[in-house]
Amino acid sequence: MAVEDKNISYRIYLMAFIIFLMALAITIKLTNIQWVEGDYYRKLAKDRTVKTFVIPANKGNIYSSDGSLLATSIPNYTIRFDAVAPKSEDFESKADSLAMSLSKLLGKPTSHYQSLLRKARANKSRYTLIAEDLSYTEYSKIKKFPLFNKGAYKGGIIVEQKTVREHPIGKIAERTIGYDRIDENGVQKRVGIEGAFGKYLNGKDGKVLKQKIAKGQWKPIRDQNEVDPQDGYDVISTIDVYIQDIAHHALLKQLEEYGAEHGCVVVMETKTGQVKAISNLGRDEKSGNYYETINYAVAESHEPGSTFKLVDMIALLDDNKVDTSKVYDSRGGVITYRGDKVRDSHEGGYGKISLGRGFEVSSNTILVQAVVENYKNNPQEFINRVNNLGLNKPLGLPFQGEGKPIVHQTTDENWNPNILPWMAFGYSVAMTPLQTLTLYNAVANNGEMVKPQFVSEIKEWNKTIKKYDKQIINPKICSDATIKKLKALLSNVVKRGTGAKLYSKDFSMAGKTGTAQANYGKNGGSEKHYISSFVGFFPAEHPKYSCIVVVHKPNTSMNNYYGADVAGPVFKRIAQKIFTDAPSTNEIKNLDKKVAKQETKYQEYFTKAQNVKNTIPNLKGMPGMDAVALLENLGIKVKVKGIGKVKNQSIQAGQPIIKNTIITLELS
């Protein structure tokens, strides 16, 4: 027994010693945590229970010049369902009515939502997608539906909100309005006004410190934010929605008619350079539909073709090399320079004509002869003129990806004597559509070249933060005498030249057609296609707007790929629409003078109206407008067939007037 008691004592001592060691270890560990690793664990606890949350700033809006909303941020909602949250009795009693409500709002069959809800319940799904891309109005309705109206913890509704950028006017000018976002590869894409003016639009995010509480919720630690968010400013663009709509649909119609690959149109206010409309449409190969994917007007640099001949005339006239009356022989429409042929589009050429007439009919041979004859001994003199017009460098627009022009210099390694004649009719040189338009706009603006402008103002509510005034690139591109001649030539192009199909006596236009071959040197010319363009201004006498239209790869099977046929009608449609809807006002005199015929007609109507009491009047022979007015004043409802004067009436004269009587008038 003593041995057994002794063994028990040893075991007790051993256990006590082990417990002592454990207590010692715990004490050491607690001491270590408290004094050695205390800072680390305190920081870890704080990181897990206290967190800084970002408060997104409200992004500013983009407006058109007439106050229409072009881009704005709106909340977008996704609804999910935690099928475990509701009690069994709540789910069973409300699931069917919830399914019916969802069906009525979202359009899918009730059975679809019944199956979705019950399957989620059976699988104990806590994150089932119910609907996405919902508006605030739709979200407001859904959260009041049966079961969901019990909230997140009893009804299982999960609401996810994000802010999306919307364009209220749809796809029109989408590329120019643009975006500023991070793509799937983490690369920031900045496009159009959204990208260029993001520093004003985006504002500054705020910060708030929150502490974690029960059920994964967080609450602010203090009443005030660490950093308050600063909302973005609003950007007022120069775009006019009305003109934009005209330009967009005019271009779209022509692209569809000619099956073209892509095209662009820009309308610019002459004096200020403010871009009132810009449309860039490219064809989707799969669907065949046209979308705004690339800002061709800004980014695409290409050989301009005959629209470049304006540069020839500026140089020749302003350098006093030759006058428009100088006569040249088109030599049968073909001239050879060092083995390369320059051809006129008109077979057989134009015979002997003046330089001015050569410009009007866009004769390559005439313009090339004039340029080569006067600049062949000093081609850099001509190049200098091009450089002085600013055509050798980008416009310096705020957008990323502006196309770079190409103007060969005589000092270049690849310079050869044939570059000069080829430049004379728009080849061996490259420009963007906006560059070409800027040049023509300068002629319309009496020689003052202004920079294209897309934004006029930055605002915070009614307070102006920054104003963008007119930027002058070149105060005078040439003399007034040259400008006067150029305007006359460009008007004659429309009146009697290559643009004669566009002429209208109702409103005046001035401009130049252009038809350039592209990729003519690739694969033996098998990839050759055409670029059709028209650029000019209107009204011709007192220009208010300038405009350029460029269409790439029109269908040549229609045998109409020239600038006057493809691009010209778009220009005319825009000018015509603006003129039609904003006609000039003539002063009308003698408004108080009485017209005898009007007085007689009025007296006849007045007499008949006075004589009518409680019976249907005799309306035969009366103008339809007067008859309707007379009957409606008697409280009679009227149906009218035809136009003109009353021929027959469904209820004969003399019949008593009954309340809610309906009478049909037949007019002829």
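Visitor: Quick one to start: what relative accessibility does Lys476 have, and what does it count as?

Guide: Lys476 is at 38% relative accessibility and counts as partly exposed. The cut-offs are under 20% relative accessible area for buried and over 50% for exposed, with partly exposed in between (1.4 Å probe, protein chains only). Before we go on, this is a predicted model, where local features need pLDDT of at least 70, side-chain atom pairs count only at pLDDT 80 or more, and totals for chains, interfaces and linings use all residues. Residues are numbered from 1 along each chain as its sequence is written, and side-chain values use heavy atoms, with hydrogens and water left out.

Visitor: Thanks! Which residue does the side chain of Lys476 meet in a salt bridge?

Guide: That would be Asp480, at 2.4 Å from N to O. A salt bridge here is a side-chain nitrogen of Lys or Arg within 4 Å of a carboxyl oxygen of Asp or Glu. Asp480 is exposed, with a relative accessible area of 53%.

Visitor: How many salt bridges are there in the whole structure?

Guide: A search finds 22. Another one pairs Arg385 with Asp319, at 2.5 Å from N to O. That pair links distant parts of the chain, 66 residues apart: Arg385 is in helix H15 (residues 379-388), while Asp319 is in the loop between H12 and strand S14 (327-329). Helices (H or I, at least four residues) and strands (E, at least two) are DSSP runs, numbered from the N terminus.

Visitor: Is Arg385 buried or exposed?

Guide: Arg385 counts as buried, at 13% relative accessibility.

Visitor: Which residues are linked in a network of salt bridges?

Guide: Lys59, Arg165 and Glu194 are linked that way. There is also a salt bridge between the side chains of Glu174 and Lys171, at 3.4 Å from N to O. Glu174 counts as partly exposed at 23%, and Lys171 counts as exposed at 53%.

Visitor: Changing topic: what angle do helices H12 and H18 pack at?

Guide: About 145 degrees, with the axes 10 Å apart; H12 covers residues 309-318 and H18 covers residues 480-496. The axes are lines fitted to C-alpha atoms, for helices over the stretch in contact, and angles run from 0 to 180 degrees between N-to-C directions.

Visitor: Is the crossing left-handed or right-handed?

Guide: H12 passes H18 in a right-handed crossing. The near helix is turned from the far one by less than a right angle, anticlockwise for left-handed and clockwise for right-handed.

Visitor: Which residues meet there?

Guide: From H12 come Leu310, Met313, Ile314, Leu317 and Asp318, and from H18 come Thr482, Lys485, Leu486, Leu489 and Leu490. Contact means heavy atoms within 4.5 Å.

Visitor: What about His248, buried or exposed?

Guide: His248 counts as buried, at 9% relative accessibility. His248 lies in helix H10 (residues 241-258) and touches Ile172, Ser279 and Leu281, not counting residues up to four places away in sequence.

Visitor: Now the backbone: where is the cis peptide bond?

Guide: It joins Phe538 and Pro539, with an omega of about -15 degrees. Pro539 lies in the loop between strand S25 (529-538) and strand S26 (545-552). Most peptide bonds are trans, and most residues other than glycine have a negative phi.

Visitor: What phi does Trp461 have?

Guide: Trp461 has a positive phi of about 55 degrees although it is not a glycine. Trp461 is found in the loop between strand S21 (455-460) and strand S22 (463-467), and is exposed, with a relative accessible area of 78%. Lys124 also has a positive phi of about 55 degrees, and sits in the loop between helix H4 (110-122) and strand S4 (128-134).

Visitor: Last one: how many helices and strands does the protein chain have?

Guide: The secondary structure comes to 22 helices and 29 strands. Of the 668 residues, 44% count as buried.
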